[in-house]
Amino acid sequence: MKDFIDKVIETLNANGFPNKRVSLPTEKMFEAADNKGFSFNTVLNEMREKNQIHSFIEGEKIIFSHEHKEEGPRVPKEDLFKQAQDMMSQMTPEELQKMQDTIMNMSPEQKEELMKKGKDLGIV
């Protein structure tokens, strides 16, 4: 994984990083990591922890920067629960099952990252 991370950092540097934020295509990055046999979420965690390179997904791009920046408005926890309930109430049984299967098939690292994001949002 270190070689892959080094290649990503090299690409970022070639595009003006760390002096400016750099974006890369989300889908392509996830596919490249998957082709190498590991989760891109794990790569992002490693880059954040060992290289202080932060990232967030915005649409079809992953934005990389050296500073951590909270993105988006802070939504009260109660509103998040209501939004989730509203969305789930409109899902078909098949969609709910697919969502459950997706979560059940996550790696331990992916589940841990999901829980961390929930804690960061104050919903777990």
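**Charges along the helices, and a hairpin**

Lys 7 and Glu 10 sit 3 residues apart in helix H1, so about one helical turn separates them. Keep in mind that you're looking at a predicted model. These two side chains form a salt bridge, with their closest N and O atoms 3.6 Å apart. Lys 7 is partly exposed, at 49% relative accessible area, and Glu 10 is partly exposed too, at 48%.

Stay in helix H1, which covers residues 2–14, and you'll find Asp 6 and Lys 2, 4 residues apart and again separated by about one helical turn. Their side chains meet in a salt bridge of 2.9 Å, N to O. Here Lys 2 is exposed, with 61% relative accessible area, while Asp 6 is partly exposed at 35%.

Now hop over to helix H3 (residues 40–51), where Glu 46 and Lys 50 are 4 residues apart, or about one helical turn. Glu 46 forms a salt bridge with Lys 50, and the closest N and O atoms are 2.8 Å apart. Lys 50 is exposed at 60%, whereas Glu 46 is partly exposed at 21%. That brings the salt bridge count to 3.

What about acidic residues elsewhere? Glu 27, Glu 31, Asp 34 and Glu 60 form a negative surface patch. Asp 34 belongs to helix H2, residues 26–36, and it counts as exposed because its relative accessibility is 55%, over the 50% cut-off.

Finally, look at the strands. E2 (residues 54–58) and E3 (residues 61–65) pair antiparallel over 5 bridges, and His 54 has Ser 65 in E3 as its bridge partner. Their hairpin has 2 residues between the strands, and Gly 59 takes a positive phi near 65° there.

Definitions and conventions:
Residues are numbered from 1 along each chain as its sequence is written. This is a predicted model: local features need pLDDT of at least 70, side-chain atom pairs count only at pLDDT 80 or more; totals for chains, interfaces and linings use all residues. Side-chain values use heavy atoms; hydrogens and water are left out. Two strands pair if DSSP finds at least two bridges between them. Patches are made of residues with over 30% relative accessible area and no salt bridge: like charges are joined within 9 Å, nonpolar side chains (Val, Leu, Ile, Met, Phe, Trp, Tyr) within 5 Å. Accessible areas come from the Shrake-Rupley method with a 1.4 Å probe; for residues, only the protein chains shown count as cover. A salt bridge is a side-chain nitrogen of Lys or Arg within 4 Å of a carboxyl oxygen of Asp or Glu. Lys and Arg count as positive and Asp and Glu as negative; His and the chain ends are not counted. The place of a charge is taken as NZ of Lys, CZ of Arg, CG of Asp or CD of Glu. Buried means under 20% relative accessible area, exposed over 50%, partly exposed in between (1.4 Å probe, protein chains only).
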